[in-house]
Every structure is written in structure tokens, then in C-alpha cells.
Amino acid sequence: MEDAFRPSTDLDDPPNSRLFLVTSKSITEDMIREQFSLFGEIQDVWVVKDKQTKESKGVSFVKFTKSSEACTAMEEMHGKCLVEGTKPIKVFIAQARSSGSHRDVEDEELTRIFVMIPKTFTEDDLKETFKVEYGDIEYCIIVKNKTTGESKGLGYVRYHKPSQAATAIENCEKTYRAILAEPRNKTPAPDNDYFSPARAEHVQGDPGMTSYPFVDSGFHTRGDMRGTDIITRCLMVSSRASITQDQVYSLFDLIPGMDYCEMQQDSYGFSTGQAMIRYNNLGSAVYAKNKLDGFEYPPGNRLAVTHIDDGQDRRSPVGRMAMQLVAAQMMSIVCNAPTGPPPLRKTSTGYPSPAVPQSPRVQTDVALPPLQKLAPSDSRVKERLFVVFKPLPLPMDVLEDVFCRFGSLVEVFLVPGRNVGYMKYAERKSADDAMATLHGQMVNGVKMKVMRADPPKEESHKRQRTY
DNA sequence: CGACGGGACGC
DNA sequence: CGACGGGACGC
């Protein structure tokens, strides 16, 4: 009832939930309502009539709550006689009022869905996942990189009937983000650049972080190594983007043996974008330089790491050679040990990497509650927090660690290129607790403003916002 | 005093 | 061939 009068943006919501009927002019709203209510919750029945004569024009619209109900009704009622002696009715999914088109919506456009799936899914996995509850599948395919054959984590599933596709979209796990697929020939596909060869290459190989040139081919394998480079336990890291001491600390502390870390300031107390780090052994310093020089942190900001002469490790050229040999040996041990270097965390690739710490280091003055599990990713978001970071956003894993501790955290979203983000909660109380505890606080050297987010601006939604 | 993402093709 | 009404009300 109250749903009958909504702003114009809500016409045909959800999509494909409204039927277009062609009937005899004698068919009334009551007749339609009586027959069609068997298939679901009817929101509105409207028989189009001539303004003057009030006579039916033989055209009606039936709005259902759900697309699956409308589709089932269409499938069952198309071609049926509502009343003895009247002509069989035609039933279609109505064109969205905004579309302006009066072309019949074809089954072709209503039977194929587009889903996001784990990259590990095979076509059989896809078929099994989407056939069990929603019925037999005519065809399914996973989108793959043409050259490598690697799955892009996207799939198409073609059903026999529109009601199957609609039910799958409504009832499958939200993580699949199922939507109706655009017909292949109609739209020439908006943009293919997401998985360009250059990007695939970047994802696949990562020579900078997984090769160990010291072990195989001596010291000077990185083209930028100059003969004048010195090897010391002391490093200088330079960053173009502003970076905090705690961020530098966390990064370099991933390699064991750090015993000193300090941001450099100019005479006015402003950050120079440089920090000095010292390790208690040469091997760790060499390893840290090798791993972190050129490392992107935060993403897009390439760090530069060089050894600096702190006076303690200065030696004659011969002594330096000896020290490089020592460093190389240590690197070799660290990288080739059968069980791997115990102090370094391992990623799924089996290589130690500072990019994927398993549980982030969190430094803060606030007394934080214990960790809590995240809410399921398809939970309904009841409250969002808007967080402003200074000077830079904290890494995602740190944010998850900190903001999950009040319960029901669904997702962290950082706005790209801005120092703000959203924390999505399934329970209002969790969000309010997090805000009360964390607003104005400092975490890993980053100051946070934490407040309730304004509701998002609603417009141009082809698909309902997932939050 | 900062503000809203992600995903496209073979019988 | 067969395509778009009715009536709305709180910060």
C-alpha cells in the first residue's frame, strides 16, 4: 500500500518485476488479480483504459514484489484464457518505464546471469553451484585470459527459463554478485582494460619480490647497483608520499633484527619523507634493502631504500668485500633453508614477503577490545562509519583488525585516492561502540576521525546498492 | 572538513 | 496487432 507511491526512481524496482499483459478488453482488474496472485505478492494491478470512454484498451500491468514471481507468472499464464470465450492473453516482462522502448523483452535477455566466482572455480564447480537449487542449466562458461587460460573470476550461467535466472539472482550467495547478463550482441561490452595483458603480467610474475639475485649471481644484479654502493647495517628509506614513523617501523620490523627506526625531521620539525633504520646484523639489513627498495607503500608510492654509512661499518675495500660475502651467505641461508627462515612470515606462495603480514601490528594508546569475527559478507549493513585519516589511510588489514573488535564488521572500504573510508556494520551498536572508542584516536601514527556516515546519494542504480 | 567500489563473452 | 494511472505530507 504505502509502496504504491514512491519517487520516480523506484519504478520497476526490483528490475523485471512488472508484467505487461495483452488481453481482451473485457478482462478486468479483479480477474487479473485473482489469477496472478497465485504466483506471488502483487503490489499493483493496472488496466489501461481510454480516458473518455473508460473502456479497457486491452493492456494491463501487474507489478510483483519480486522478479522471480513475475517471471513465473509470465511463464505459467502466457497463452492462457482468463475467461471462457476470451482470447488467450499475452504476458511479457514490461519494459522499464524509463527505457522508453516498447519492444517485447525477450527470454534471451532474462535467462543468462553474470556472476563473480573464486578464481579456482572450474566450469563444473560453477554448474554445480548454480544448478542445484535453481534448476537445469543450459550452458555455462568461465571468463578466462585468452593467452594464459587463467580464470578471471567471472562466469555466465544460461538457464532455460527466466524464473530460474531470477530465482538464482535473488537467492544465491550475495558474494557471487549475480546479475542478469547483458546480451552479447547488444552492447559491445563497456571496457576490457581491467584485465589487459600488462595487468595480468603484473599479477602473475613479481620478480622484484620473489627472486634472490644475491644467491644466484652475485651482488650487482639489480641494474641500479653501483660499484660505489656500500653494505652497512644502516638503511635510509625515502618516500615521496608522506609516511609515518609507525608505518616505516611496521614495514621494516617485518624483518627480524631491527633495533632502531626514526623519521628524519628538518630544522623546523617537518618530516623530510626519510627515515633511518638500523638492524643488529648485516644480513637483515641487506635483506631489507633487497626486499623493500622499490616496494610500493602505500600502493602507488615507491619507496627507495639505500644503505647509509653510519661510521660503524666502514671498512677498507677488502673488508667491505668480506662483509658482502658474509651478507651473501646469510641471504643464501635465509632464502634456501629447507624449512624457510623461521622469523619471517610465509605467504601462500611460500616466499617470505613483507606485503602480506598475517596479523598486522597495531600500535595505539586506546584499550582495544579483543578481536572478533567479521560478519558474513552478505550481511545487511545497518550502519556505516565515515572515517577520516591523517595523514594517510591505514592499511586495510590494520583497519579490519581495529574496527572488527566491536562486533558485526561487514566490510572496510577505502575511497581510492582520498584519506577517507567507510566501515560497514551489521549492527548499529557495534558501529556506535567503535565510534565511541576510536574517534580522535591515533593508530600506528595515523589520527582518525570516526563518525556516522551520511546515507549514500541514491541515483542511477541499475543495480541495487550492495553497500 | 574529509564522502561513496567491484564485473563482460562461447555454442 | 499491444505500452504507462492514481494521488502523495515529514524534516
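Which atom of DNA strand C is 2.4 Å from an N or O atom in the side chain of D104? A base nitrogen of DNA strand C lies at that distance from the D104 side chain. A polar contact is a pair of N or O atoms within 3.5 Å; within protein, one must be able to donate a hydrogen and the other to accept it, and residues adjacent in sequence count only if both atoms are side-chain atoms.

This is a predicted model, in which local features need pLDDT of at least 70, side-chain atom pairs count only at pLDDT 80 or more, and totals for chains, interfaces and linings use all residues. Residues are numbered from 1 along each chain as its sequence is written, chains are lettered from A and ligands numbered from 1 in the order in which they are written, and side-chain values use heavy atoms, with hydrogens and water left out.

The side chain of D44 has an N or O atom 2.6 Å from a base nitrogen of DNA strand C, and the side chain of R18 has one 3.0 Å from a base oxygen of DNA strand C. Two or more residues each are given to the surface near DNA strand C by β1 (18–22), β2 (42–49), β3 (56–64) and β4 (90–93). Here helices (H or I, at least four residues) and strands (E, at least two) are DSSP runs, numbered from the N terminus. A residue is near a molecule or strand if one of its heavy atoms lies within 4 Å of it. There are 19 residues around DNA strand C, and D44, W46, R97, H102 and D104 come nearest. By class, 9 of the residues of this surface are nonpolar, 2 polar and 8 charged. In this scheme Ala, Val, Leu, Ile, Met, Phe, Trp, Tyr, Cys and Pro count as nonpolar, Asp, Glu, Lys and Arg as charged, and the others, Gly among them, as polar. Of the atoms of DNA strand C within 4 Å of the protein, 37% belong to sugar or phosphate and the rest to bases.

Now to the other strand. DNA strand B is surrounded by 40 residues, and the closest are R112, F114, Y156, K424 and K449. Sugar and phosphate make up 30% of the atoms of DNA strand B that come within 4 Å of the protein. R112 has a polar side-chain atom 2.6 Å from a base oxygen of DNA strand B, and R384 has a polar side-chain atom 2.7 Å from a base oxygen of DNA strand B. E182 uses its backbone: an N or O atom there lies 2.8 Å from a base nitrogen of DNA strand B. Elements that give two or more residues to the surface near DNA strand B include β5 (112–116), β6 (137–144) and β7 (151–159). The largest share, 4 residues, comes from β5. The surface near DNA strand B has 24 nonpolar, 2 polar and 14 charged residues.

Aromatic rings come next. Rings of Phe, Tyr and Trp (its six-membered ring) pair if their centres lie within 6.5 Å; planes under 30 degrees apart count as stacked, over 60 as edge-to-face and the rest as tilted. The count by this rule is 8 aromatic pairs. F386 and Y422 form a tilted pair, 5.5 Å centre to centre with 40° between the planes. This pair links distant parts of the chain, with F386 in strand β13 and Y422 in strand β15 (residues 420–425), 36 residues apart. Elsewhere, ring pairs join F20, W46, F61 and F92 into a cluster.

Some backbone details remain. Most residues other than glycine have a negative phi, and most peptide bonds are trans. R177 is not a glycine, yet its phi is positive, about 50°; R177 lies in the loop between α4 (162–171) and β8 (179–180). S408, also not a glycine, has a positive phi of about 60°, and is found in the loop between α11 and β14 (409–414). A cis peptide bond joins D13 and P14, with omega about -5°, and P14 lies in the segment before β1. Another cis peptide bond joins K390 and P391, with omega about 5°. The place of P391 is the loop between β13 (383–390) and α11 (396–403).
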